[in-house]
Amino acid sequence: MSASAKLAQRIFRAEVLGMHAYAVPDARGMVKFDAMENPYALPEALRAKLAARLAEVALNRYPVPSYAELIAALRAGMEIPAAASVILGNGSDELISMLSVACAKPGAVMLAPLPGFVMYKMSAELAGCRFVGVPLTPQFQLDATAMRAAIAEHKPAVVYVAYPNNPTGALFDDADVARLIAAAPATLFVIDEAYQPFAGKTWMGRLGEFPNLAVMRTVSKLGLAGLRLGLLAGPPELVSELDKVRPPYNVNVLTEAAAVLLLEDKAVLDEQAALLRAERETLRAELAALPGVEVFASDANFLLLRVPGAAAAFQGLRQRGVLVKNVSTMHELLAGCLRVTVGTPEENRRFLDAFQQALQD
Ligand SMILES: *Cc1c(COP(=O)(O)O)cnc(C)c1O
């Protein structure tokens, strides 16, 4: 072992040494259907406006840590109730990480339904919290009885509910979620609305109903994944404590300036989301018509499907230049499942052609 490798073994925690780095496959030249990115570029005029605005940004200055202008723009664009406080993250990934760090008392538990977003578990365990996953029903709805029992047993600090859920795609039943929140006042419920632009439903307007509810949003799936900007809205008494964990300059000045400008033209992004919602239904119908393929309902910009020989279908797609996500070994409920981002009509056509060929390999 090299001296540096020995040093790594000595100084890093066993949890870190035992982890795998978050793997991002090389997708150059491929149809990129693995990460729920919006495939559309910004209109030329808006890009020019953005370039001019970014040229004005004082890169020699630190961001102003209150982020007042950006938060005001987000409040307006995302209809955040005035009574809620807002904390920003460098993507929602950073907010999840801050929550884990802030809650990591000895024995603290973070809980989420499974299959779910991998960062909840990864972030909890990295911070030294215990993660408890509660299986969904085979139709990927919340198992309300199991959730209630697990919350009573483990008394989690935080329950994450992705709404719609990733990688399954659908919204959970509102009444199920509301009953869980009301029944567990000693737990903070974080509703993760990363896919809200494609769902048409939100908990944002219900923040005032529950003292233990926060709503997380991101601009990533809306079409600005590269900016890295997320937010959590919730009761001021909770947000002000969480804010102590936030690195003071966590959102950079270029992201701030770009987001303020683009939120003024949010209609452009909302129109792209509407196109993708329509495309999702077209793609869903075409996939459902393929023999042996099961497609699940989705309120997001991706579709989950089950197919015989998922691993071979994944490879067959890859050989034909289409990268999807093979989630078939992520959880037993996902056996045989692939997750496919919805793209432009041309990309969706390329995917469908490649998929039909891959199924015949
Ligand atoms: C993609 C995704 C996010 C987004 O994270 P960012 O760090 O904001 O890009 C958050 N939650 C879920 C469930 C997601 O699928």
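Visitor: Is L17 buried, partly exposed or exposed?
Guide: This is a predicted model. L17 lies in helix α2, and its relative accessible area is 36%. Buried means under 20% and exposed means over 50%. The value for L17 falls in between, so L17 is partly exposed.

Visitor: Which elements give two or more residues to the nonpolar patch?
Guide: The nonpolar surface patch covers about 550 Å² and is made by L7, I11, F12, V16, L17, M19 and L126. The elements that give two or more of these residues are α1 (3–11) and α2 (14–17).

Visitor: Which element supplies the largest share of the lining of the largest pocket?
Guide: The largest pocket holds about 1500 Å³ of space and is lined by 49 residues. Elements that each supply at least two lining residues are α5 (92–103), α6 (118–126), α9 (220–224) and β12 (325–326). The largest share, seven residues, comes from α6.

Visitor: Is M36 buried or exposed?
Guide: M36 is found in the loop between β1 (31–32) and α3 (44–55), and its phi is positive, near 55°. Its relative accessible area is 3%. Buried means under 20%, so M36 is buried.

Visitor: Is E79 buried or exposed?
Guide: E79 is in the loop between α4 (68–77) and β2 (85–89), with a positive phi of about 50° although it is not a glycine. Its relative accessible area is 67%. Exposed means over 50%, so E79 is exposed.

Visitor: Where does P164 lie?
Guide: The peptide bond from Y163 to P164 is cis, with omega near 0°. P164 lies in the loop between β5 (158–162) and α8 (174–183).

Conventions
Residues numbered from 1 in each chain as written. Predicted model: local features only at pLDDT ≥ 70, side-chain atom pairs only at ≥ 80, totals over all residues. Heavy atoms only, no water. 1 Å grid on protein atoms, 1.4 Å probe; cavity = no way out; pocket = protein on both sides within 12 Å on 5 of 7 lines; lining within 4 Å. Points joined across faces, edges and corners; volume = space filled by probe spheres on them. Helix = DSSP H or I, 4+ residues; strand = E, 2+ residues; numbered from the N terminus. Patch = residues over 30% accessible without salt bridge, like charges linked within 9 Å, V, L, I, M, F, W, Y side chains within 5 Å. Areas by Shrake-Rupley, 256 points an atom, 1.4 Å probe, with all protein chains shown as cover. Salt bridge = Lys/Arg side-chain N within 4 Å of Asp/Glu carboxyl O. Buried < 20%, exposed > 50% of the residue type's maximum accessible area, 1.4 Å probe, protein only.
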